[in-house]
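These are my notebook entries on what I looked up in one model. I kept them in the order in which I worked.

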Amino acid sequence: MKLNLLVFAAAALLAVSCSDKQASKTDGLPIAVYPTVSTRASDTNFEAGDRIGLIITLDDMTTHADNAALTHNGQYFEDDDLKWYSTNKSGDFTAYYPYQENYTGSYSVLADQTSDGYYQSDLLLAVARNVQPHPTGVSLGFIHAMSQIVVYINNNSVYEVVEVRVEDTKNDVLIDYTGDRPGVMLKLTAVQISILAQSLGADTYRAVVAPQTAEAVITVRNETGQEVSTTLPSTLFTAGTSYSVSVTLSDNFDITEVKIQSNGEIEAWVPGDIEDL
C-alpha cells in the first residue's frame with residue numbers, strides 16, 4: 001500500500017513537472033500563426049506587412065482574442081500583444097484575410113477592382129479547432145472564399161478595349177465558421193453590382209465575385225465609348241473556383257463568339273466550367 005502511494009506520488013510529481021516545463025515554454029510568448037495557403041488570387045504568397053484578423057474562443061467559451069490584427073513578418077503572422085493562454089486550455093482559431101478594423105462577420109466584394117479593390121475582395125478564411133499552446137506556434141490553412149472570373153478579349157477591331165465589367169452579381173456575404181471548413185453565404189440584403197475588372201494587359205481582365213447562382217453579364221467598352229455585352233448562362237459560382245470567359249470581337253466591334261472554359265492558370269484555384277453559349 002505504501003509502495004503504491006509512493007508510485008502515485010512520484011507520477012503526480014512528474015506530471016506537474018512536465019506541465020510546468022510546457023507552461024514555461026509558452027508563458028509570455030506571442031502566438032505565431034503560420035499560413036499554409038500556397039497562393040492568393042493576387043500574388044504567389046503572403047507578403048510582409050499583410051494582416052489577418054484572428055478570433056480565439058477558448059473551451060470555456062471565453063474570448064481570448066476578438067479580431068486581433070496579426071501582421072506577416074515575412075515568415076508568419078504575429079502580434080506582440082497576443083500571448084498564449086493557459087496550457088490547461090484549448091481554443092478554436094478562426095481567421096480571415098484581408099483584415100478589417102470594424103469586422104462584423106460579413107464581407108463585401110468591391111465594385112472597383114481595377115487596382116487594390118481586386119486584392120481587397122479576395123477573401124481568405126481559415127479555422128483550427130482545439131488548439132493547445134505550443135512554443136512553435138500554430139498552422140492555419142487558408143482557403144479562397146470567393147470565386148474568380150478571368151475574361152480574355154480577342155479584339156479584331158481597330159479600337160482598343162479600355163474597360164471590362166462583370167455585372168449582375170451580388171456583393172455581400174456572411175462568413176460561416178460553424179463547420180470544419182469555413183465558407184460564405186449571400187446576405188439577404190445583398191444587391192447586384194457592376195464590377196470594374198482589373199486589367200492584366202494583353203486584353204485580359206479579372207474580377208472576384210461572391211459565390212452565388214447568377215446570369216453574369218460581361219460588358220466590354222472601347223476607346224470611343226462604344227459598349228457591347230453578353231449574358232452568361234445561369235451559373236453556380238462556387239468558392240475557390242476560377243472561370244474563364246473568352247470573348248471575340250469583330251472588326252465592327254460586335255461580339256461574334258463567346259467561349260466558356262475551365263481556367264487552371266492560377267494555382268490553388270479549383271478550375272470550374274460554365275456551359276458554352
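I started with Asp203, which I found in the loop between strand S15 (198–201) and strand S16 (204–209); strands here are DSSP runs of E of at least two residues, and helices are runs of H or I of at least four residues, both numbered from the N terminus. The model is predicted, so I note that local features need pLDDT of at least 70 and side-chain atom pairs count only at pLDDT 80 or more, whereas totals for chains, interfaces and linings use all residues. Residues are numbered from 1 along each chain as its sequence is written, and side-chain values use heavy atoms, with hydrogens and water left out.

**Backbone entries**

Asp203 has a positive phi of about 55° although it is not a glycine.

Phe253 sits in the loop between strand S21 (241–249) and strand S22 (255–262), and it counts as buried because its relative accessibility is 0%.

**Aromatic entries**

How many aromatic pairs does the structure hold? I noted ten, where rings of Phe, Tyr and Trp (its six-membered ring) pair if their centres lie within 6.5 Å, and planes under 30 degrees apart count as stacked, over 60 as edge-to-face and the rest as tilted. One of these pairs is Tyr96 with Tyr99, stacked at 6.5 Å centre to centre with 10° between the planes. Tyr96 also forms a stacked pair with Tyr103, at 4.4 Å centre to centre and with 15° between the planes. Both Tyr96 and Tyr99 are buried; for Tyr96 this is so because its relative accessibility is 0%. I also recorded that ring pairs link Tyr97 with Phe46, Phe77 and Phe142 into a cluster.

**Sheet entries**

I traced an open sheet of three strands in the order S6-S12-S13, with antiparallel pairing; two strands pair if DSSP finds at least two bridges between them. Strand S6 (106–108) and strand S13 (183–186) are its edge strands, each pairing on one side only. The twist averages 35° from one strand to the next, where axes are lines fitted to C-alpha atoms, for helices over the stretch in contact, and angles run from 0 to 180 degrees between N-to-C directions. Strand S12 (residues 172–176) pairs with S13 over four bridges in the antiparallel sense, and Leu174 has Met185 as its bridge partner in S13.

Another open sheet, this one of four antiparallel strands, runs in the order S14-S11-S18-S19. S14 and strand S19 (227–231) stand at the edges with a single partner strand each, so one side of each is left without a neighbour in the sheet. The twist here averages 20° from one strand to the next. S18 and S19 are joined by five bridges in the antiparallel sense, and Glu227 is the bridge partner of Arg221 in S19.

**Core entries**

Which residues have the most contacts inside the largest nonpolar core? I found Leu123 and Val164, in a core of 41 residues; a nonpolar core is a set of buried Ala, Val, Leu, Ile, Met, Phe, Trp, Tyr and Cys residues joined through side-chain atoms within 4.5 Å. Among the elements that give two or more residues to this core are strand S7 (124–131), strand S10 (147–155) and strand S11 (161–170). A second, separate core has 25 residues, including Ala68, Tyr85, Leu124 and Val131.

For Val164 I listed contacts (heavy atoms within 4.5 Å), leaving aside neighbours within four places in sequence, and among them are Val151, Ile195, Tyr205 and Ile218.

My last entry is Ala126, which lies in strand S7 and is buried because its relative accessible area is 0%. Ala126 and Pro182 are 56 residues apart in sequence, yet their C-alpha atoms are 6.5 Å apart in space. Beyond its neighbours within four places in sequence, Ala126 is in contact with residues that include Phe93, Leu140, Phe142, Tyr177 and Pro182.

Notes:
Buried < 20%, exposed > 50% of the residue type's maximum accessible area, 1.4 Å probe, protein only.
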